[in-house]
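Trainee: Please give me a close look at the surroundings of the ligand. Take it residue by residue, then element by element.

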Amino acid sequence: MKICLIDPPLPYSSPPLAPLILEYLGGLTKRAMPDAEIELLDPKFRPFSVDEIKADLVGICGSRIVTLPWVYRTADTLRKRGMRVVLGGFNPTALPEQAKEHADAVVIGEAESVWTEVLEDAQRGKLESFYYGRPLPLDNLPLPLRLPGYKFHAIFTMRGCPYQCKFCAITGLYGKTPRYRPIEDVVKEVDALPGNYYWNTDGNVWGCNLKRTIDLFTALKGSKKKWFGFGDLKAVATPSGDKLLKAARDSGLLSLWLGCEEKFSGEMEKSKEDAVKKMKDHGIDPILAVILGKRTDNPDTFERIVQLADRLGIMVHPFLLVPYPGTELYEEYKPFLLKNGQWEFYDGAHSLFSHPQMSDEQREEKFFKLVLEMFSLKRVFKHLFEIPLSVFPAGHFAFIMRELPIRKGMKAAYEKWLQNSKSQTRL
Ligand code: B12
Ligand code: SF4
């Protein structure tokens with residue numbers, strides 16, 4: 001049997017990161033069906049024509065909502081050509097009935113507990129409509145089939161998060177109870193990674209269990225590889241913050257996206273500003289992934305971000321708030337949603353709900369003004385001098401490799417928005 005797995009293209013350019021979902025699902029497939037022919041396709045890296053695909057079963061990842069129109073279109077085309085298609089990931093889990101309209105089968109939840117059954121049913125020509133993945137312990141996981149040619153690869157060390165931030169999709173898929181991979185498995189996987197840099201994709205790398213995190217970082221000290229991740233400032237602000245940061249730095253952490261600060265609205269509490277400074281003192285470059293345009297934000301929130309970035313000497317990645325289906329926020333914002341179901345607009349650069357104080361255009365305008373400022377060459381260049389000298393040259397090199405494609409993506413989003421605004425004015 002030939003199985004083809006696809007991670008869809010993104011609307012804007014992204015860092016040269018190998019899609020872990022393909023590598024991991026590939027590993028799971030190899031273990032379940034060692035004789036199957038497996039093809040992993042990433043159009044972000046190597047564009048292909050859908051007409052070239054020939055397989056007995058095609059699995060497509062529907063995890064990033066903005067890609068859903070492409071996922072559905074491609075699935076429809078492949079099914080018309082007689083191929084069976086299975087969809088899985090964050091959005092097929094949140095919207096299974098919608099996904100089923102475009103697929104022979106939908107995997108709801110995590111794939112591990114049902115993937116063998118899916119493959120065997122596909123081989124017998126008897127796929128069920130829905131497969132319900134159960135959360136299993138994270139030991140004895142297959143080794144991902146690593147793809148060649150990428151600058152960065154990724155790992156995960158845990159699933160689940162107890163915090164339940166209203167906007168975040170993580171708990172809808174993985175649940176609230178954290179599950180951890182055995183530390184020795186993570187170390188082995190990191191040692192086996194190609195290249196010198198990797199991405200830890202855990203929702204919050206150090207927010208769930210401080211002791212386990214410090215043990216993990218200590219065990220990774222010998223790996224000599226450098227890495228990036230996502231996390232919060234709460235853990236840093238605890239009395240164990242210094243110990244945590246030292247272990248993180250020794251494990252090779254270069255840079256961390258602070259994307260878990262849900263209530264953040266342009267001002268930071270003193271303790272959190274101190275936590276940012278502490279990270280920098282330990283040689284870690286914090287990036288503030290800030291979500292803007294919330295119904296509780298004021299018009300001047302956007303301007304305050306610039307002042308904060310200057311005060312703290314950090315990069316800021318701004319996004320407009322996206323209410324993801326399956327989250328508490330999506331339910332709360334339902335009465336205000338403007339483009340519900342038009343997933344191509346769910347890219348973090350569009351106004352998706354009405355706002356009590358700002359028009360949709362005003363929020364998008366303010367957002368792009370901030371984007372252009374944050375990703376100006378002047379600012380990117382200036383930030384090279386804000387990255388702690390102790391991580392030269394690896395930290396600086398990795399910053400350029402990561403940030404330039406993101407900058408390119410943000411500029412492309414702006415150009416597209418400008419074009420659309422002009423054509424709307426003409427109408
Ligand atoms: C890595 C990553 C990226 C990479 C992707 C590129 C790459 N080459 O991998 C980058 C950094 C580019 C990225 C970008 C974006 N991302 Co992202 N990303 C992630 C992240 C951190 C890890 C995903 C991953 O690799 N997981 C590892 C795999 C093995 O696990 P998994 O995906 O959960 O898969 C399991 C199940 O979901 C299921 N499954 C998944 N797919 C499939 C497919 C099939 C066929 C089957 C059967 C099962 C299945 O089975 C798997 C095993 O159990 C997740 C957060 C997270 N921790 O999961 C966010 C996440 C997926 N991203 C998200 C978003 C929104 C984005 C953006 C669109 C953000 C934005 N607003 O602009 C951008 C795109 C910007 C652009 N450039 O256009 C959201 C998606 C939310 C949603 N409901 O849509 C997430 C969940 C983050 C969050 N906290 O909300 N992202
Ligand atoms: S935003 Fe971060 S802390 Fe909040 S639920 Fe998601 S992963 Fe957990």
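Mentor: Domain bounds here come from an automatic or database domain assignment. Domain 1 (2-132) and domain 2 (153-414) both give residues to the shell around ligand 1, so ligand 1 lies between them.

Some ground rules first. This is a predicted model: local features need pLDDT of at least 70, side-chain atom pairs count only at pLDDT 80 or more, and totals for chains, interfaces and linings use all residues. Residues are numbered from 1 along each chain as its sequence is written, chains are lettered from A and ligands numbered from 1 in the order in which they are written, and side-chain values use heavy atoms, without hydrogens and water.

Now the shell. There are 43 residues around ligand 1, where a residue counts as near if one of its heavy atoms lies within 4 Å. Leu 17, Ile 65, Glu 112, Tyr 174 and Thr 201 come nearest. By class, the shell holds 27 nonpolar, 10 polar and six charged residues. Nonpolar means Ala, Val, Leu, Ile, Met, Phe, Trp, Tyr, Cys and Pro; charged means Asp, Glu, Lys and Arg; the others, Gly among them, are polar.

Look next at the oxygen atoms of ligand 1. Ile 65 places a backbone N or O atom 2.8 Å from one ligand oxygen. A polar backbone atom of Ala 111 is 3.0 Å from an oxygen of ligand 1. Glu 112 uses its side chain: an N or O atom there is 2.8 Å from a ligand oxygen. The cut-off for a polar contact is a pair of N or O atoms within 3.5 Å.

Which elements give two or more residues to this shell? They are helix 1 (20-32), strand 3 (57-61), strand 4 (84-88), helix 3 (90-94) and helix 6 (170-174). Helix 1 gives the largest share, four residues. Helices (H or I, at least four residues) and strands (E, at least two) are DSSP runs, numbered from the N terminus.

Gln 164 sits in the loop between strand 8 (158-159) and helix 6. Phi of Gln 164 is near 55 degrees, positive although Gln 164 is not a glycine. Most residues other than glycine have a negative phi. Gln 164 counts as partly exposed because its relative accessibility is 37%; buried is under 20%, exposed over 50%, and partly exposed in between, with a 1.4 Å probe and protein chains only.

Methods:
A polar contact is a pair of N or O atoms within 3.5 Å; within protein, one must be able to donate a hydrogen and the other to accept it, and residues adjacent in sequence count only if both atoms are side-chain atoms.
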